[in-house]
Amino acid sequence: MKSVLKLITLTVLTMFGIRSLPAQNLSLKITKRYLNLPVSQAQNRGIMQFKINDKLERSFKIRLATDKPDYWVFCDMAALQGKTITISYDGKPEGLNKIYQEDTFAGQDSLYKEKNRPQYHFSTRRGWINDPNGMIFYEGEYHLFYQHNPYEREWENMSWGHTVSKDMIHWEELPTALSPDSLGTMFSGSTVIDYTNTAGFNQGNIPAMLAFFTVDNPEKQIQCMAYSLDKGRTWTKYSKNPLIDSKAKWNSKDTRDPRVFWYKPGNHWVMVLNERDGHSIYTSKNAKEWKYESHVTGFWECPDLFELPIDDDKSKTKWVMYGASATYMIGSFDGKIFTPESGKHYYTTGSIYAAQTFTNMPASDSRRIQIGWGRIQQPGMPFNHMMLLPTELRLHTTKNGLRLSSAPVKETEQLFDRAGQWASLSTTEANEKLKSFQSSDRFRIKTTLKLSHATSAGLSFFGQRVLDYDMNSNLVNGVFYSPEDMTSMEVSADIYVDRTSIEVFIDNGAYSYSFERKPVLTNKDGLVFWGNRIEVKNLELYTAKSIWK
């Protein structure tokens, strides 16, 4: 029951602030877990602040609804129980009367059951998400931090959201890890475990989890650090932030997204930082003082740098450097300088952006596992965008040289039950098998097509081309792709369909792409193969479970 009327005393004060409207104040004692805030996309953003004893606790922008809300967002107030807070808002004040606290958040009874909620991809409970951040495995948990606006379904108020998983498939969302402060908002970054206490934050036998992140403000972007001693649940920001302020060096505000890892041969930390026109390398012995070493041009945002075995042979390795667009270079790295030897290449396109890989994997698991941001809208929902499936990156020898492949991790198999498998079907026969799936909101299809002509063939879903292979032009859904066997008349595809997204992995992940699943409007064709006398050599249909309880 809404307890706002019993627990809140509304006091209206006239305070002339930085906006044209006077700020309005709301004072209340926190007695419940959640503070529920009404949002209307039709309203202009105003600045809301929480203060305790006149000390600022948080400040954020929100489109506070004055009439019927489009949706509700919430603040987790567990850490402020029993305290009295003053809420000020410099937008239209009518919405303050709608704020209420409760032990559940608005809409919790229908959480994960919403019409456009992805059913086997991670999406946040409320608000906007983009870049994955700080991906790390530690003491049985995979941590996925991410760029997050907790207060609206559009980009703003950049914070670090946080979710954990035992298997990279089923996720438990935790409270926001890093929130904006007096320096600015929290942009992308990475985490490490400081096992040898190089930074001095460890407590007894408990190693600190260190987070490195960009703080963005109107003037510049600076690199900062925080540490956690409770498995990432709470964080303390380093008192001497920033670690790096390189705007003057590059004559550019664009200096962001620190990717940090321990380089064992050199016994030092490495930071890969995107600066203006590429990725810079910095080194440090204590994670606090950083030395610039080198720079590789040609990348924009969200760097990653890691070593991979060639053809699964751990005695032969190369390093991979990539950026937000998923283009990459292959080369060598001596701890200070990355030397490109080939590239740039691509292995995936479509909705993916700003992908990162897990660090600190168990000794028994040498996989390099990536998760990317899926730039896919969730129409009409109180949340927006999603994460793509976790995939394993591998480095293969191909006819064109060394190349990355990306395929869903083995843990995804638990989501799918095979409903049928057939071989050597005509399109008519195959399309008959597909009919039972065309009304499903989630499923998986594995198929191999054999073409009889060097023309287009593929699979469509109510008119949307899920697979469009043009052999004559070597195009898969409009992107150049040349199979390993240059004269092959076949193409295989592993297709993952969720409520709002489609991911496709071609020829065991040699190339992959993802895109928004379009709503069915007028097309009545359903799920059908098409092409000039093609043979469906293999067809496997799978039902899909939801990851949400």
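Ala, Val, Leu, Ile, Met, Phe, Trp, Tyr, Cys and Pro count here as nonpolar, Asp, Glu, Lys and Arg as charged, and the others, Gly among them, as polar. The model is a predicted one, so to speak of local features takes a pLDDT of at least 70 and to count side-chain atom pairs takes pLDDT 80 or more, while totals for chains, interfaces and linings use all residues. Residues are numbered from 1 along each chain as its sequence is written, and side-chain values use heavy atoms, with hydrogens and water left out.

Start with the chain as a whole. Along the principal axes, the C-alpha atoms fill a box of roughly 75 × 60 × 45 Å. Of the 549 residues, 57% are buried (buried is under 20% relative accessible area, exposed over 50%, partly exposed in between, with a 1.4 Å probe and protein chains only).

One piece of the strand architecture is an open sheet of 3 strands in the order β6-β3-β8, with antiparallel pairing. Its edge strands, β6 (71-76) and β8 (100-102), each pair on one side only. Neighbouring strands in this sheet are turned by 35° against each other on average, direction ignored; the axes are lines fitted to C-alpha atoms, and angles run from 0 to 180 degrees between N-to-C directions. Strand β3 (residues 34-39) pairs with β8 over 3 bridges, where pairing takes at least two DSSP bridges. Across from L35 sits Q101 of β8.

On a 1 Å grid over the protein atoms alone, a cavity is a set of points where a 1.4 Å probe fits but cannot get out, and a pocket is an open set with protein on both sides within 12 Å along at least five of seven lines; lining residues have an atom within 4 Å of a point. The second largest pocket holds about 1200 Å³. It is lined by 38 residues, with W262, T359, N360, M361 and R368 the closest to its centre. Strand β21 gives the largest share of that lining, 6 residues. By class, the lining has 21 nonpolar, 5 polar and 12 charged residues.

The largest cavity has about 110 Å³ and 17 lining residues, T348, I352, L388, E503 and F505 lying nearest its centre. Elements giving two or more residues to this lining are β25 (348-350), β27 (368-374), β39 (501-506) and β40 (511-516). Its classes come to 8 nonpolar, 8 polar and 1 charged.

The second largest cavity has about 80 Å³. Its lining includes Y120, H121, W171, I371 and P390, and divides into 11 nonpolar, 1 polar and no charged residues.

Finally, P175 belongs to strand β12 (residues 171-178) and is partly exposed, at 41% relative accessible area. Its C-alpha atom is 19 Å from that of H385, 210 residues away along the chain.

Terms used. Helix = DSSP H or I, 4+ residues; strand = E, 2+ residues; numbered from the N terminus. Points joined across faces, edges and corners; volume = space filled by probe spheres on them.
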